[in-house]
Amino acid sequence: SSQPPASGPTHRAPRRPGPHAQRAMENDATAAQASMLTLKGAGQTAFPREIIKWLQSLDLSFIVKNPKRDFCNGFLVAEMLSRYYPKDINMVTFENGTRLAAKVDNWEQVYKLARKRELGISKQEIDPIIHCTEGAAVVFVFHLYQILTKRTARPCLPAPGTLSAELGGPVVPPFMRDTASKRLKDNEISRIQDDVERTIRAIDVLGGYHEERRYQKSVEAPLLIQQERRMRTLPGADHETLSKEEVHDSQQMSEVRVKALTAGAAGSLPGGKGGGKGSEGQKQKTASVKLQLLKAVSAPQSSVGALASMQQPALFVKPAADIMRPLVLSVIQESEELSKVVDTRKDVVVSFMEQCREGLPDAGRDRSGGGGASAAGAASQGAKMREIEETSVRVFETLANRAQLLVDTLTKSPPEFWKVWTTFFPALTDFSEASPVFESAVFLFKRIGDLMREADPSLTQQLITDVGMPALAKELVRSPEKRECLCEIIYSYTQEDTLNHLMVLRALKEKIGDNLPVYISCLSCLISLDAQLSLLDEHLLDLYVYYALVAMQSPQPRVRVAGVSILSTITTCSSQHHTIVALIPSFGALANDEWWEVQAQLLLLSANLLSKLSLADRGDGGSADDGGGSASSRIDAYDEGAMGNDEAQENLLAIISRLFVVSGSKNVLQVGLSALVHLLAEYPTLLPMFVTVLLEQPPNYRRRLLQPAGADGGDYSVSRKTYVWGNASRMYEEKCVSQLWPHIDVAKTLVMQLDASRLEAFKVEHTEVFFASLPEHFDDIEVDEWVAIFDKVRPYLFDALIDPELHEGSAQIVKRFWNNPSETISSRTLETSKKSLLQCLQELYSHEAQRPKVDEAAVLSFLGDMMNSGELAQVEIRSIVESFAEVLPTEYKASRLHTLLT
């Protein structure tokens, strides 16, 4: 009865009993094993006859009664493989035990053999078997049979009408089936201590229950239809009689159960007076209740409800917590302080997040309110908190850098995504936008979103819409300062095309509800991301322009700011700037708005639009929109007939002249200086006010624009600043204007203003602005103009050379001219500077002047540098010093000017 395997494995030669005893034992084993495997199976599927015969032919050390339990330690699998590869497996090295270490060791040896022989066995198949997952062992045996015998076995199907399609058990009548609440009362769920894990398990059970119910209905529906058709084919008289009897019995039952009925109530009974109307009303009421229930089920408002309606997770996925745990633990162990406060009794990831949420904010409050604590204690506590904060940032960065490991789990199991989301989302809510922990958490969420979108775009978008959006919407409402970062997170999970972005914007509107100011503020952040992806087509533009027009009519200044910002982004990043030209009368009325940020955004919009129109006049801006019948194209058509470029430019210049004045807000003027610097060459009328405003700005504001921080080479830096502390102000770009403006025009304008004002001496702002107006390289065609400019400012420069506050700035300016690569500029400016320098030295060493003077050493250092810079400067300065010695010999002897001649 025992047959060799189909593929011909090599058997070992065990000791066997006599032929009669052997045949009896084999018959008993065959009967026992076949009965057990057929009845128990593996949860959903039993072994077919051919696999049972194959297992018997392998002469295993014990009978397979329960595959889930018998195959979990890998011992039987090793025996099965030893029949085919006796030289590769030594059964002495395998332990037939139940310890986890024994199971892992056995399966590791099996896995090494599988890799050596290229059997196609993966660890994803082995892990569920070790943990006795229902059905995993049966699936693996089917797979192993196919690999070793090169044949495919068909699974056993239950007899029709005796077993259910899902569970392999007897068919249960509808009234005996489990309800959802009974499934959720499972003791296995109640034993789970972790709240998040228990919720995940409950979601899985509930989702499986609903899937099972849907399948049962799909199977039973044809039977119910057939039964209904058979009922209709019965004779009409019998059917009416049956209906009357059923109605009569129903009415009698009502009379028995309810002893006293009012006239109205009795009339509502079937067969009584008014029964038809009451019946119709009851049906309508029932139908309305059903409709409400259907709406509630079809449009879940919570993340848990959304997960229940999603696709079921894959059968075997590695939990995200198991992936993250070693990564988090490796970083925590590097910090002594964080290792002390993390609760080792809980999962390390959950405990870490609890410490981030509770430890750091509480420590911050202690530091601020501990007036009685010693300074040393406060410093020590602050150092500990900084160490914990830095370690927390490293944890998030490590997870973000290794986020690829989570992608497979998160895309195959929506509950795992929900678990990761709810675990780390508190980092977005509990920390301020300036916190390094918040920034690292944002980076983690964006990294996960980008990787998941590459793996499964549609599921990723569904997850952010249904699972993540409810929590994000609440935070968007609560924290205006975080909206830009949170909007970036939303789009990192969204497919990068116009249709899906429109769908996400619609979902965001539904989640935010009627809070239109928050939605418009989010749109002002999202439009920049759409522009970066080049998705601003006519459909998205229609949506953004509509809400921008609505926002500009709002009584709330912050909403008006968001509306103007949307139009400014469209003007800068879209080729359809002519759409915005038609709206100049609409936003031009905001020039009288008293809110500083509305003025700043309006100044930005006017400057950007004016720049686009000037490009169009030169033919560099491309053609206008040439497609479609959208609202944008209709506005363009209206614009062509209503307002030309010249009129539009005049209106925009009028708005700028209304807002860009010295008496305006310093913040508005700072924004205007960066926005208008590109227009100075095209619109010289802006130069006088531009230079005047720049001179009047506070020193720290002005120096940020004139001195680029960390500029490399000839490039200019752009920084983003928030001018008002709080949670509502937007960020604005500050550009190094000295790298962008027309240098000679700015210098001429400054000289003209000096002549008009009849200024006696330079101030600090004059030296800073004039030095910033000097180019790195002087054009040959501008040499004469620069020499003329130097001649006009020369008296101011040498007067400032002996002023302690202005000496450094004036010395830099003089060096730029005297050491100029252009010999014409250097020689001519040196020649014209002799008299001024001599007068400067006379005033420096004069005892009559009462003004503060710079140290003699600073002047000597300046003159010495100039003499070392070139032969021409050395000759000229030497002659000036000798002239000074002849004119004022006493002052010369008292000075150290002789050191320049030695």
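**Aromatic pairs and helix packing**

F417, W421, F425, F445 and Y493 come together as one aromatic cluster. Keep in mind that this is a predicted model.

**Aromatic pairs**
- W421 and Y493 have ring centres 6.2 Å apart and planes at 80°, so this pair is edge-to-face.
- W421 sits in helix α20 (residues 414-424) and Y493 in the loop between α24 (483-492) and α25 (498-512), so the pair ties together parts 72 residues apart in sequence.
- Both W421 and Y493 are buried.
- For F660 and F690, the ring centres are 6.4 Å apart with the planes at 35°, so that pair is tilted.
- F660 is in the loop between α33 (645-659) and α34 (666-676), while F690 is in helix α35 (residues 687-696), 30 residues away.
- F660 and F690 are buried too.

**Helix α4 against helix α7**
- The axes of α4 (residues 75-84) and α7 (residues 136-149) come within 12 Å and cross at roughly 5°, so the two helices are roughly parallel to each other.
- On the α4 side the contact uses V77, M80, L81 and Y84, and on the α7 side F140, L144, L148 and T149.
- Seven of these contact residues are nonpolar, one is polar and none is charged.

**Other spots**
- Helix α15 (residues 320-332) has 13 residues and spans 18 Å from first C-alpha to last, close to the 18 Å expected.
- Buried residues of α15 include I323, M324, L327 and V331.
- K835, in helix α42 (residues 834-844), counts as exposed because its relative accessibility is 61%.
- K835 and I880 are 45 residues apart in sequence, with their C-alphas 8.3 Å apart in space.

Methods:
Residues numbered from 1 in each chain as written. Predicted model: local features only at pLDDT ≥ 70, side-chain atom pairs only at ≥ 80, totals over all residues. Heavy atoms only, no water. Helix = DSSP H or I, 4+ residues; strand = E, 2+ residues; numbered from the N terminus. Expected span 1.5 Å × (residues − 1). Buried < 20%, exposed > 50% of the residue type's maximum accessible area, 1.4 Å probe, protein only. Axes fitted to C-alpha atoms, helices over the stretch in contact; angles between N-to-C directions. Parallel < 35°, antiparallel > 145°, perpendicular 65-115°, else oblique. Contact = heavy atoms within 4.5 Å. Nonpolar A, V, L, I, M, F, W, Y, C, P; charged D, E, K, R; others polar. Phe/Tyr/Trp six-rings, centres within 6.5 Å; stacked < 30°, edge-to-face > 60°.
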